[in-house]
Amino acid sequence: MLTIHVLDIPRVIHGGRPLRFPYRKAEALFYYMAVMKQSNREHLAALLWCDETDEVARKNLRQTLYILKKSLPYPVIQSMGKSTLVFEPEGPWTLDIDELIKTPEILADQYATKVFSGFFVKEAPLFNDWLAEKSDEILNRLMAGLEEAFQAAYRDHQWPLCEKLAKAMISLDDYSETAYRCLIDIYGLQKKIYKMQKTYNHFKHQLIRELGVEPSNEVKQVFEDHMAQKRHEISGEDFFFGKEPEIHRFRSLEEGHRKDPAKAVIYVCGGSGEGKTTLIHQLLSRFDLPYVQTHCYEAEVRQAYRPWQSLFKGLMESPQIPPLRNDQLQVLHTYFPGILSRYAAEENLPSLPGRENIDLIFLDIIESLLDKNPLWLVIDDAQWLDPHSLGLLNTVIHYGSVKVGILLGSRIPPDRLFRDSLRQPYFHRFDLEPLSHEETRAFIKAHPERIRFSREEEQELYEASKGNLFLIHSGIMVKSSHPEMKIEAAVYQELLRTRLKSLGDLDRKILEGLSLFFDQPNIYMLCELLAIDLMDFFESVEGLKRLQILKEQIVQNELKLSFSHHLIREEIYNKLSVGKKRILHLRIAGLYEEKLENQPRDRFYYPQLIYHFERSLEPSKALKYKILNLDTFFNYTHELYPLLKDGILEDLPSPPHQEDILGILGALEKELDTSRVSDDLAQVQLLRVLLLHMKGRYLIKEGQYARGNQCILALLEASNQLGSPDYYILGCRQMIYSGIQNHDLVKMDRYIRLGLQKAREADYRFDEAILIRLRGLYHLLSGQLDQAEKDLESSLAVIRNYPTHKYDLHTAAALNYLGEVARSRGNLDQAVVKFNEALALYRALNTSRGMAPILTNKALALYQSGRLTAARETIHEAARIFGESQTVWKKATALALEGHLEEILLGRPFSRKAFGEIHLLAQKIGNPEEIAFVENLAPTETVDHHQ
């Protein structure tokens, strides 16, 4: 018997062993006849030997048929007449696809991938064309058969068979939306929500990554319907008691918000266990509100904007949300890499708007998303909001025009977070109080367990719980399973221990693993950590849910597991031995480290890595991620002309909010000094370099040049020891910019030479070009105009050859300096042309960073040429940008010229008070030329007109 397989890798089995063909065209001829059953000699000769003459092709066919006859154990290819060949219909053979097309259910256990997988014949293009067409035809017939079998099994509610058939369809075509829709539907019907979620996400990410598209609306709808059903089931699981005043009050507020959308902030405040989360859940489910939700965690309190990642993701995935502009997409992609999966294929997005305050940019995005689509933003455990997120939330509340509802749950009073909002008419405070004695009795009677308590037991429960809802509920649950137990003081510990006492080993293992995470972990990571089979895990989880130890939540359309209350997590976690905690935390940290890809999105794993390394008693490893985490949101520069990375300014992330920055940096330095130095001394040195870089930039930005320069000098020394040209060049540039501001030409010359030497050693040609431009500026400030022009043109020649916009701002800087060369020579019209070329690059990039000094130079050229009105318009724009930014270079010049021109043209007196402030600013910068210019424009009157 010959068993012929063309599904997957083609092969022929005889006597349990694969049959070998003498050469590939003989094998091709055999498969063709096995599939087609009949053909003629002329067609076969042309099919396999199209490049030969007819005579040679026929000869080759005869030889191949003869060799096949000798090679095969049975004569399966027969001649009928002179030209026709047939595959013996009654011969001792079977062809897999013949059987599979008749009974596609067989495929459910095979999981083949292709027809004729990997089979190819050299010098036979016509055969290979047939092979491709026939493979598609067979696959289509198999898919049609599988779909028909699936529908039959579906009608009979044979869900396990349906699951197998859907998987077989996917094995044939991994891009089939029909196959994935069927599998997602079957998982949903079988309540295998985690598998359904994993399958949908796999398919979605595959389509986006490979094809740049999202699943069809039909696939999304099936998934959404099952998630909605699960959401409804979850909402029905919780027993809810009382809070009718809050429900009634919220009903009135929500109805008003629905009829006439307006800003509304509802702050649900209460201690642990008093029902905040349950009340919020009830408000959302009872009123069927459109909302997006996030949760705050203590371990992420220093991770900037982390809660907003979930909120933005939810907003972007909400139906009927309008599309964003490309610059808005770029902002979100920069701060939250990966959040815009459906836009991941877009390239060459424009740079960010020229606004210094990122909160205003985020507000603009929120208002665009919620325009005519009012939603509720829900934030639970708001007491753990990081300063950045809290600042943005205050911006939305105070300055936003969007008609948004904000629902917050917190353990601390609102005046700790929103001191300025409490008196606003749109701010509503819901304070939750412990139950009274009478309310406790009513709660016991209404509880679904229907447990009878004596008056004495009711009193004991009330006194032990102090009216705390969670503790009362726990006491009732314990009483239902242990009616003999007496309720005494220390309620929650006794109750929790009793509830956890009867658990099996697998249940306890899952709870211990879950307790190690401060957030809601990935289920598959948890199973990998604990080496638990996925199905065993789900079965155990169902039991733990029935015991009300665990609960399921749907967050951004993903099913998540968490403890029903944080007190349960604390009890389980505290019972773990120190050694066990350390080992498991270390394993978890290792799993997170495996996810790092040296990409911007790595920063989202830093809080988890810090948390788990600290608890695995590895402070030196935690320190690494503390420093990297701070550097991520401290990555601004003191330089006027930063590089562009991926179309955005390299210094986009803002520094931490109003905190003790030097205190934070000092604490990290002390921790680095006292930490156990591991084998990797280079790693420790790199962390020290990062800290010096952050501290130096911060001090210089604050005008503390001496201390800042000391840090940069230490950075240069450490970079040399580390062998890092990148940080050494950054340090040189920082010193050069410090020299520019202070007109310290000796310092500029020294660090330009050192930087150029290092850039040439490392073959960093674009860094070299930037330093040559700075050398041109040095020659300009030294009065060597010819040499300055030569350097600037040399720098431009290199930078302009770069294929992207990365160095466009440095091009603008060189043009600005060429304009200054022309102005110094008295060629004022040529100077204005160069300044306009530089400004055009800024406008093309839609950014104002660095524009103000160029506008100031242009205004000076116009002023010197007598075009005072044009000079005033230009300097007014410069002053506006100086007012919105933190740039101080040439700010005093701009303000002094603006005051002088307004006095000349508009008759507005240039007051002594205003001049005094400008003069102090010029002295702070310390540039003698600027000080002289400002003093030259000093008002002659002695009276302060603003008094």
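The chain folds into 40 helices and 16 strands (DSSP runs numbered from the N terminus: H or I of at least four residues for helices, E of at least two for strands). This is a predicted model: local features need pLDDT of at least 70, side-chain atom pairs count only at pLDDT 80 or more, and totals for chains, interfaces and linings use all residues. Residues are numbered from 1 along each chain as its sequence is written, and side-chain values use heavy atoms, without hydrogens and water.

**Whole chain**
- Of 947 residues, 53% are buried (under 20% relative accessible area, 1.4 Å probe, protein chains only).
- Among contacts (heavy atoms within 4.5 Å) between residues at least 6 apart in sequence, 69% join residues at least 24 apart.

**Nonpolar cores**
- The largest nonpolar core has 114 residues (buried Ala, Val, Leu, Ile, Met, Phe, Trp, Tyr and Cys joined through side-chain atoms within 4.5 Å).
- I4, F30, Y31, F87, F127, L529 and F537 touch the most other members.
- Helix α5 (residues 125–155) gives the most to this core, 11 residues.
- Beyond its neighbours within four places in sequence, F87 contacts I4, F30, M33, A34, K37, V76, I77 and W93.
- Another core, of 86 residues, lies apart from the largest one; I664, L687, Y727 and I875 are among its members.

**Helix packing**
- Helices α12 (residues 306–317) and α15 (residues 387–399) pack at about 50°, axes 8 Å apart.
- α12 and α15 are therefore oblique to each other.
- R306, P307 and W308 of α12 meet S389, L392, L393 and V396 of α15.
- The residues of this contact divide into five nonpolar, one polar and one charged.

Terms used. Axes are lines fitted to C-alpha atoms, for helices over the stretch in contact, and angles run from 0 to 180 degrees between N-to-C directions. Angles under 35 degrees count as roughly parallel, over 145 as roughly antiparallel, 65 to 115 as roughly perpendicular and the rest as oblique. Ala, Val, Leu, Ile, Met, Phe, Trp, Tyr, Cys and Pro count as nonpolar, Asp, Glu, Lys and Arg as charged, and the others, Gly among them, as polar. Buried means under 20% relative accessible area, exposed over 50%, partly exposed in between (1.4 Å probe, protein chains only).
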